[in-house]
Amino acid sequence: MNIKFSIFLLFISINCFAHHPGNKIDAEKPYPLINLEIIKDKVDGYNLYINLENFTLNPSQIGSENQPNMGYLQLFVNDIKITRVYSNWVHVPQRFFNLKDNFIKITFNSNLYDEFTIEGKPLEYILKVTSD
């Protein structure tokens, strides 16, 4: 009984003190669009150029009131969160591309850390990168 209570308490405390609650917010029309260009870095990993339409990256507003289609991006490789993205260029080290087929995922997030959605589905972009 004591162990079950401790595990339950640990689960509750982890969720209560989570940094970001994971709320969702609807994107507004015109919906954000993304075009991702991936360039093999001569030294290590990949450089990504993220061309956005209808979405504003504004790191100075993070933590402020939500604005339509404004915030930051999150970058994942193989479902591992790598970093927040606040500009159109980002470097991803080779160590994250450790599979034959790797997947880059970019999600759109609001100033208050909410995930943007379209009709309830996450607004995200996924690109497959095949290693040599």
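Predicted model: local features only at pLDDT ≥ 70, side-chain atom pairs only at ≥ 80, totals over all residues.
Residues are numbered from 1 along each chain as its sequence is written, and side-chain values use heavy atoms, without hydrogens and water. Local features need pLDDT of at least 70 and side-chain atom pairs count only at pLDDT 80 or more, while totals for chains, interfaces and linings use all residues.

View 1. Strand β3 covers residues 46-53; strands are DSSP runs of E, at least two residues long, numbered from the N terminus. Its covered face holds Y46, L48, I50 and L52, and its uncovered face N47, Y49, N51 and E53. β3 pairs in the antiparallel sense with β2 (residues 33-40) over eight bridges and with β7 (residues 89-92) over four; pairing requires at least two DSSP bridges between the strands. I34 is opposite L52, and Y46 is opposite V92.

**View 2. Surroundings of Y46.** The ring centres of Y46 and F97 are 4.7 Å apart with planes at 65°, so this pair is edge-to-face (centres within 6.5 Å; planes under 30 degrees apart are stacked, over 60 edge-to-face, the rest tilted). F97 lies in the loop between β7 and β8, 51 residues from Y46. Both Y46 and F97 are buried (under 20% relative accessible area; exposed is over 50%, partly exposed in between; 1.4 Å probe, protein chains only).

**View 3. The Y49 and W89 pair.** The rings of Y49 and W89 have centres 5.0 Å apart and planes at 50°, so the pair is tilted. Y49 is partly exposed, with a relative accessible area of 25%.

Technical notes. Phe/Tyr/Trp six-rings, centres within 6.5 Å; stacked < 30°, edge-to-face > 60°.
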